[in-house]
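Thanks for coming, everyone. Please have a look at the chain on the screen, and then I will walk through a few of its features.

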Amino acid sequence: MRERRGLKGVGALLGTSPAMRELAHQIELLSSSERTTVLLLGEQGTAKGQMAYAMHAMSDRADKPFIEVVCAGAAEGSLDVELFGEEFGGAREAPARRLGLAEVADKGALLLDEIAALEMPVQSKLLRLLEAQRFRRVGGVQDIAVDVRMVVTSSRDLVEEVQGGRFREDLYYRLSVMPVVLPPLRARAREDLVALIDRIMGELKRQLPHSAEELSEGALEQLLRHAWPGNIRELRNVLERAMIVGRGARQLTVEHLPPDVRRAGGSAGTRHEPRSLHDVERAHIERTLHAHNENRTRAAREL
């Protein structure tokens, strides 16, 4: 039963297209291999944290702790203590200790969100935790053994971080056994976007009574044309705003959408111009490159 619930959650996050079903199958395999570190890559707003929890719910550790640590924006030196704990007290004091979250997550999973933000000394300790399942508290002298599955996310290109000397190469290779790339919304099929919009609206209806039950065809088309630079997070915000503005209406129309979304993709009545498949493919490659600020590594991965 646990596995079915997890798979249903993964399908809702991804969609129903053949590409997304294949990705869901890969995630199922990785979830069942509960000793393998999970590396989730993708732009901000692609629901990496939700996917991490869904994978934990599918694993044999589902009834054990799932602890999340946000690495981005942490004060210098704070993550070392937060992850690994601390021992303090001198000869005249009773020794004291503070448990780290790696210890709290014993037998469960530890999610490190935006791992590229980790400082180099903490990266070294994390590598030892991954390889030996052991660590030392800050100020401690004894090794502590734990059984933790590591789940990490990154919206940065870790290869670039390694090349720039900001991320350990050996840690990168230890993490990237079977990386999972969550595609941005602009790279997903129409059927996946429709399913995602339907799911988010269903969730919001429970929070917003008397909101519209459906989207008009015009509103749906405008949502499908939008590039969604903020991905799922942006889509959810737009739908929530539209449902608040259109409260009491039978359906949400284009007028309920924010101005930038109403302008997305130009006019629906644009004249059709025949183009060869080669031209369409070239234009798609150029748009993808532009979306990634001419970063060929990221563009190639998405394509």
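Let me begin with a term: a residue is called buried under 20% relative accessible area, exposed over 50% and partly exposed in between, with a 1.4 Å probe and protein chains only. What we have here is a predicted model, in which local features need pLDDT of at least 70 and side-chain atom pairs count only at pLDDT 80 or more, while totals for chains, interfaces and linings use all residues. Residues are numbered from 1 along each chain as its sequence is written, and side-chain values use heavy atoms, with hydrogens and water left out.

Of the 303 residues in the protein chain, 44% count as buried.

H210, which is not a glycine, has a positive phi near 70°, and because its relative accessibility is 67%, H210 counts as exposed. N231 is not a glycine either, yet its phi is positive at about 55°; with 0% relative accessibility, N231 counts as buried.

As for where they sit, helices are DSSP runs of H or I with at least four residues, strands are runs of E with at least two, and both are numbered from the N terminus. H210 lies in the loop between α9 (190-207) and β10 (214-215), whereas N231 belongs to helix α11, residues 231-245. Over the whole protein chain, the secondary structure comes to 14 helices and 11 strands.
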